[in-house]
Amino acid sequence: MVTVRTENLTIRLGEFHLQRINLHVQAGEHFVLLGPTGAGKTVLIECIAGMHHPQSGNVFLDDEDVTTKRLEERGIGYVPQDYALFPNMTVENNIAFGLRIRKASAEEVAQRVKELTDLLHIDSLLQRYPLTLSGGEKQRVALARALAVRPRLLLLDEPLAAVDESTRDRLCGELKEIQRHTGVTVIHVSHNFEETLAVADSVGILHNGHLLHTGKPEDVFYRPQSRFVAEFTRAENIFAIDTVEPHPDARTAVVLADEERLQLSVDTANGELPPSPTCAVIRPERVRLKMSSPESEIAPSNNCFVARVREVTNKGALLRVETATDDGTRWVALVPVSLSADLLLQRGQSVEIGIDSSDIHLL
Amino acid sequence: MSSNQETNTMHAGEGRDLFFRALLFSLLFAYVGFILAVLCADVLWLGRHDPGTGKSYLYKLATDVEVWEETKAAFWLSVVSAFVTSILALIVAVPAAYALSRFRLPFAKVIDTLIDLPIVIPPLIAGISLLVFFNQTALGVKLNDLLDVVYTRRGIVVAQFFVASAFCIRALKATFDQINPRFEMVARSLGCGPFRAFWSVSMPLAKTGLMAGWIMTWARAMGEFAPIMVFAGATPFHTAVLPVTAFLNLSSGHIEAAVGVTVLMIVLAGLTLSIFKKLGGQGYLW
């Protein structure tokens, strides 16, 4: 278990530039580095692993500066996106490879291989070759091989990218369990929002070589620090702010947004009102929908609006409901399928939208 | 559109497809046929009768002891020199090909072009250049004093090495390019140093490609003619390898001996190519 810290880490690889990355991962934490393709996630973990040397900045494992240390000296387990299982070796030999390099005795090797195959439920695969394994099996074998040498830090590069949806859900749970069982610090690269929520203790959002936001998943998703983070984490209701009028009691503020078509009452009791906010962000799962009746009297100051359903998309357990008010403000809500029957959701249906003032985040 | 018109359009489309395929395959088979005809001509010619003696050229060849001895000496000289060359080429080509495949080198394009040059320049020019280097430059003369390569059997290896190594590097680079570099990165994360990662992970994966590359390098060295003749000489029983022996026989009017050596070399080339294909060698050799 190790704390990982990077200080002003800068690396240029061809056209790609990773700029002044300051990352802090607590010991025993499962940290997910989230970002779109080409953001620099793989380069960053490869730099932490020691595969690339930075132009400037440092990498610390606990308090030890390992910036100039070679990959094999850092005590890091690495699972690349394609797993890179040695195709000419059986599963058993793949897992035992690192132990044999360390000249472990045959007994030690056998015992450790058994421990890991039991933990990862792959004991039936020992004599198989990687070419004959499914995506999920390869992922477990690669994980067992990396864990065999008891690394201080485990780097997982999109470990679930090559498995189907149902396997991914199961493996997310297992990854979390293995991490708890071994206590190893994990840095996990992903571009998948659901995967991140399922496994992360902490999240870092990387975009165009910049680390934009790090924090607990709920901080990153519900209190993003930039418009990109809000958009990337699918906070679909993002409105440009025109004016902000703080209330004298300093507990609320009235925000005019979306070209003054939208008036929102925002809870600022926790003191989070930024000096000059530009956007109001409301996550779609925090938008409440209910059937609107013709006699409904809606007071905008209560963050309630009448809108018409434009589109309903089935997302499995949730329905994504896109609506628009008469003056053109677009709202997106995620509604559990179990509630959708009561709402009779269909195109053109009039619905009432309600927002809690504490669910509005200004940035 | 009526159904008749539709049928006509479909038929016109099919006709164009057929014409296109016929064009491709006729040219392909014409060339393959040309190669076969040229190869068979040698064998068929040996079966023809000499108007002077009434015996077949093959019989004449089989009963000529001097030709047998000369060909046998040239055969073993070719086999052994090509073997030594291919081993030396491997020793140079494995690290060189690995470096070209794995690292970003300064002036990579210049280095790449220089490596291709011995393959592309006319073989005679390669021989003359070797002769100039070892006879006319201070470094070359010193090396020749040390190794004694000009007009000697060692010179055969040097002449073969000059061309075959470039060829070997190309073949092995293609092999290393096909091996995922992440295998080595993972091996290093598991505790291997760079050399051990290369030796324990990449080399076993490159084994088949290395064998195929080595065999084709040997075949290429066997076939070298002009650089050997210019640089090592063409003395029978001394520096005359198989192609040189074929040329000497042709020049002195021993046509049946020249054709006999030619058939032998074609059979050897066919065998090595079959082994190469069996080992999964791909079309990266030229």
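Modeller: A word on angles before you start: axes are lines fitted to C-alpha atoms, for helices over the stretch in contact, and angles run from 0 to 180 degrees between N-to-C directions. Please keep in mind, too, that this is a predicted model.

Colleague: Which residues of H1(A) are buried?

Modeller: The count to apply is 20 or more other C-beta atoms within 10 Å of a residue's own. Eight of the nine residues of H1(A) are buried, so the helix is largely enclosed by the rest of the structure. They are A:Lys41, A:Val43, A:Leu44, A:Ile45, A:Glu46, A:Cys47, A:Ile48 and A:Ala49.

Colleague: What is the bridge partner of A:Leu61 in S5(A)?

Modeller: Strand S4 of chain A, residues 56–61, runs antiparallel to S5(A), and two bridges join them. In S5(A), A:Leu61 is bridged to A:Glu64.

Colleague: Now the six-stranded sheet of chain A: which are its edge strands?

Modeller: This is an open sheet with mixed pairing, in the order S6-S7-S8-S3-S9-S10. Its neighbouring strands are turned by 15 degrees against each other on average, direction ignored. The strands that pair on one side only are S6 (76–79) and S10 of chain A.

Colleague: Do S3 and S8 of chain A pair in the parallel or antiparallel sense?

Modeller: Strand S3 takes residues 30–34 and strand S8 takes residues 185–190 of chain A. A:Leu34 has A:Ser190 in S8(A) as its bridge partner. Five bridges link the two strands, and the sense is parallel.

Colleague: In the hairpin of S9(A) and S10(A), which residue takes a positive phi?

Modeller: S9(A) and S10(A) are antiparallel over five bridges, and A:Val203 has A:Gly215 in S10(A) as its bridge partner. The hairpin has two residues between the strands. The phi near 50 degrees is that of A:Asn208.

Colleague: How are domains 1 and 2 of chain A placed: what distance separates their centres?

Modeller: The domain assignment gives chain A domain 1 (4–222), domain 2 (227–280) and domain 3 (284–357). Eight residues of domain 1 are in contact with five residues of domain 2. Taken over C-alpha atoms, the centres of domains 1 and 2 of chain A are separated by 38 Å.

Colleague: Which elements give two or more residues to the side of domain 1 of chain A that touches domain 2 of chain A?

Modeller: That side divides into six nonpolar, two polar and no charged residues. The elements giving two or more residues are, in chain A, S9 (202–207), S10 (210–215) and H7 (217–222).

Colleague: On to chain B. How many helices are there in chain B?

Modeller: Along the sequence, the pattern of chain B is α-α-α-α-α-α-α-α-α-α-α-α. It has zero strands, and its helices number twelve.

Colleague: What is the radius of gyration of chain B?

Modeller: The C-alpha atoms of chain B fill a box of roughly 80 × 70 × 35 Å along the principal axes. For 286 residues the globule rule gives 19 Å, and chain B is well over that, so it is more spread out than a compact globule, with a radius of gyration of 25 Å.

Colleague: Last one: which element gives the largest share of the side of chain B that touches chain A?

Modeller: The contact takes 14 residues from chain B and 17 residues from chain A. Helices H8 (182–189) and H9 (194–223) of chain B each give two or more residues to the chain B side, which divides into eight nonpolar, four polar and two charged residues. The largest share, six residues, comes from H8(B).

Notes
Residues are numbered from 1 along each chain as its sequence is written. Chains are lettered from A and ligands numbered from 1 in the order in which they are written. This is a predicted model: local features need pLDDT of at least 70, side-chain atom pairs count only at pLDDT 80 or more; totals for chains, interfaces and linings use all residues. Two strands pair if DSSP finds at least two bridges between them. Helices (H or I, at least four residues) and strands (E, at least two) are DSSP runs, numbered from the N terminus. Two residues are in contact if their C-beta atoms, placed from the backbone, lie within 7 Å. Ala, Val, Leu, Ile, Met, Phe, Trp, Tyr, Cys and Pro count as nonpolar, Asp, Glu, Lys and Arg as charged, and the others, Gly among them, as polar. Domain bounds come from an automatic or database domain assignment. A residue is buried if 20 or more other C-beta atoms lie within 10 Å of its own, exposed if 12 or fewer, and partly exposed in between; C-beta atoms are placed from the backbone. The radius of gyration is taken over C-alpha atoms; the globule rule is 2.2 Å times the number of residues to the power 0.38.
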